[in-house]
Every structure is written in C-alpha cells, then in structure tokens.
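Please open the model in your viewer and keep the selection tool at hand.

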Amino acid sequence: RPPQHVRQLYALVSETLRYSPVLDALLAGAALLQAEKKLPPHLAKVLVYDLLFGKGLKCGGRWKALARRHRARLQAELARLKVQRKVSRNEDLLAPAEGASLGAPQLPRYVRVNTLKTCVDDVIDFFKRQGYSYLGKAASVEELSSLSGKKFLLDLHLPELLVFPPQTDFHNNQLYTSGHIILQDKASCLPAFLLSPAAGSHVIDACAAPGNKTSHVAAILKNKGQIFAFDLDTKRLATMNTMLMRAGVTSFELAQRDFLTVDPRDSKYSKVTHILLDPSCSGSGMVNRVPTEEAAPSAERLQALAGFQRKILSHALSFPAVRRLAYSTCSVHQEENEDVVHAVLQEQGSAFRLVNVLPAWPCRGVATFPGAECCLRASPAETLTNGFFVAVLERCGEEAAVPSSLPTAAEGSLQQGRGAQPGTAHKKKRKKQRVKE
C-alpha cells in the first residue's frame, strides 16, 4: 500500500483501540455480534468506530453494507450511552463514567523531538505558528496533568520531550509524517535516555521492533557509531525499517533473528559497549493495551516470562565488551522486574552493578533486595505514564560511559551534548533541517 494509506490505517487502528471500551458497550447494547454471527469482533470494532466516530466507512464491499444496515441501531445506542454517562461529546465517553472503575487516568500526549532532523527550539516555534501556546518547562508532574486546549510544556525530566493534553492527535501533522517528531510515551523514552551511549558507540537493541527506542538511541548517537537491531517478527521489522528511514536513522543493521541465538564472541559485535534490552513481558503496565489478554496473568505465565527474561538478560551481559545495559519492561509485576534483575546480578557475582539513575525520579524499584531503589518504576497515577520498569546495569571496575547518576533533568553536559534544551541549541540550529509549514 502507498505510505499515506498505511498512515491512515495506523491511525484508524490506534483510534479504534483508544475507543475500545466504548465500542464494547455499543456492540453489546446493539447486540451486533449476535445479529451478525460471521462478523469477527475486532473487525466489528473497526467498522463501528469508523461509522460513528471516524470518516464514515471509506471501505467498500459487504462489510460496509453490513455495518450500514445497523447504523440506526448503533446511533441510537450511542445516544443512549451519552445520556447514561451524562456527556454530550464523543470524546467525553473516553473518561470513566461517574462511579465507574474503568481504566486508568488519561495520559498526556508525549512528543519526542527527533534531533536527527531538527531541534527542540524549532519544533516549539512550529507549534506556536500552528496556534499552540508554549508554557515553558514543567516544574512538576502535577503541572503536566493540568494541560488543556492547545497548550504544551517541555517535560521536567527528559530534555527532548514535549507534553500536550491527552488525546491531542498528531498523526496527520506535518512534523509527524516527516519524521521530525516521534509519538512515544514518556516511560518508553527512559531506557535509551538512561543508556546514554556516547556518539560513535556500537549498540545492540536486542528486541527492537517497532523501533521507537531504536530511533531514540540513534538520535543520542547522532547517527555516529552502529546499531544492531534484532527481532523475530518479519512484518514488524519491515514497519520498523520504514519508520527508521523516515526518522533519518542511517547507521543501523536489522536482523530477523532471535537475540538468544546471537554469538557474543562473533567479531562483528566485539565493539558493542551498550545494550538496550526490552524483552517480551506481560504488558500489564500498558494503559491502552489491547483488551484480549487476561488483566492479571497467571502465576505460571509470569514464571515462564520471568524465566525467559532472566535468560536473555544473562545472555546480553555475556557480550565481552558490554559496559552498560538498560533492562526495561512495560510490566508492573515484581516477578518480571526486580526479581529478574536481582537473580541475574547474583548470577554475575561482582561483574556488574546497578546504577542509581535519575535520583529525582519519584518512583523507585520495590525494595526486595539491597540496591533495588536504583531501579525506576513508572505508573499512570504517579508519573502520568504507562506502567514501566527500568534498570541500568554497568560493568564494575571500568570507567563508566556516563556519570553514574544522571541529574534531575539531564542538566549540563547531557543537554549540551544533545543540543536539545531550549536556549542551548541556537549555535547549532542552522546546521539542522529547518522545520517549515
């Protein structure tokens, strides 16, 4: 398909997932799946979203005709749901109804500036020209939660992250389609930011697709050095390749391969000093996760995941030149987080240690072993992000690649090195691609 169709399809699927609880209620109230027994539930959601909230069913064929047959009943059910929840706008249905326990707090829209193509100052100026009001750097997490309308802030922890009100849609924005900005949850930006490889480093992204973290690493490297990215899913790798090219990433090599089968002694990886490891996990921290899995994975499922995570973390640490590794999951379960890190550290003896990263970050690891407070946790309630866990491990007895404790907002050398803090990028701004409307 042409790229514009892929973008439209991605936006349609993303919005369908966002409205998923509302669509569940509409499908149940209209008894659509009972009336149309051959209609797959996921397709039904996409059709109903496009019929009621989207662009009015651009598809053709029998599915379009089927959905239109039920239009009146679905519209009536939508009107009834609005009355029941005491709202007048479709968007208001996304918030939990009064007294209901649906979902977590709505998260801000986080926008990572892609410094391979532009700089923070230019992106801020662009949004100002589009009618947005820039409020400066946030002073607290609470300030991020109060955003509304067309106002935005610079994040208080990450110097290349802009924060907009929840549900701000940039999928059709010129900056997004050109790769100047990346739509990425704040917690998902932490692993690459905390790994912080120096320009010129060789880095492995062990479980890379869909590639947001990979593009973030490339931006930190300033496209100097080399990234080796592994993933088993062919389609996800193809999508990732397109995304990385759009983001202007050049020094990368994708491989459809299980990272566990990669030989650490291969001379190809002899200069790999940094590894980003974000392995498969329960996904229990994702606020807008696809509602097809169990809300709480079984003990057996967690045990199996943790076993795999320990194995792949041990494998990553066996690369002879590795000096620093960021381990992350989008899980809230101790079994996949602190327990995995603790077990592998014990296995490694005195070879690696935990780095106390970002000391001002409010949520720390669960104190299940000495030093667990060096790890970071994130949650919708406390950090206004998806649920997340990050631990940074560093080889002992060698000079660290970066300071052991990153300052609160990456002040000083990190900001100057990345040229991202407003006010510090002016000298280099002319060397960047200008953002034009």
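**Stop one: P210**

Select P210 first: apart from neighbours within four places in sequence, P210 is in contact (heavy atoms within 4.5 Å) with R236, M240 and M243. P210 sits in the loop between β6 (202-205) and α11 (212-221); helices (H or I, at least four residues) and strands (E, at least two) are DSSP runs, numbered from the N terminus. P210 counts as partly exposed because its relative accessibility is 48%; buried means under 20% relative accessible area, exposed over 50%, and partly exposed in between (1.4 Å probe, protein chains only).

The model is predicted: local features need pLDDT of at least 70, side-chain atom pairs count only at pLDDT 80 or more, and totals for chains, interfaces and linings use all residues. Residues are numbered from 1 along each chain as its sequence is written, and side-chain values use heavy atoms, with hydrogens and water left out.

**Stop two: D231**

Next, select D231, found in strand β7 (residues 226-231). Is this residue buried or exposed? D231 is buried, with a relative accessible area of 10%. Not counting residues up to four places away in sequence, D231 touches C207, A208, A209, R236, L237, A255, Q256 and R257. Display the side chain of D231 as well: it reaches the backbone nitrogen of D233 at 3.1 Å.

**Stop three: V13**

Finally, move to V13, in helix α1 (residues 3-18). V13 is partly exposed, at 38% relative accessibility.

Notes: Polar contact = N/O pair within 3.5 Å; in protein donor to acceptor, adjacent residues only side chain to side chain.
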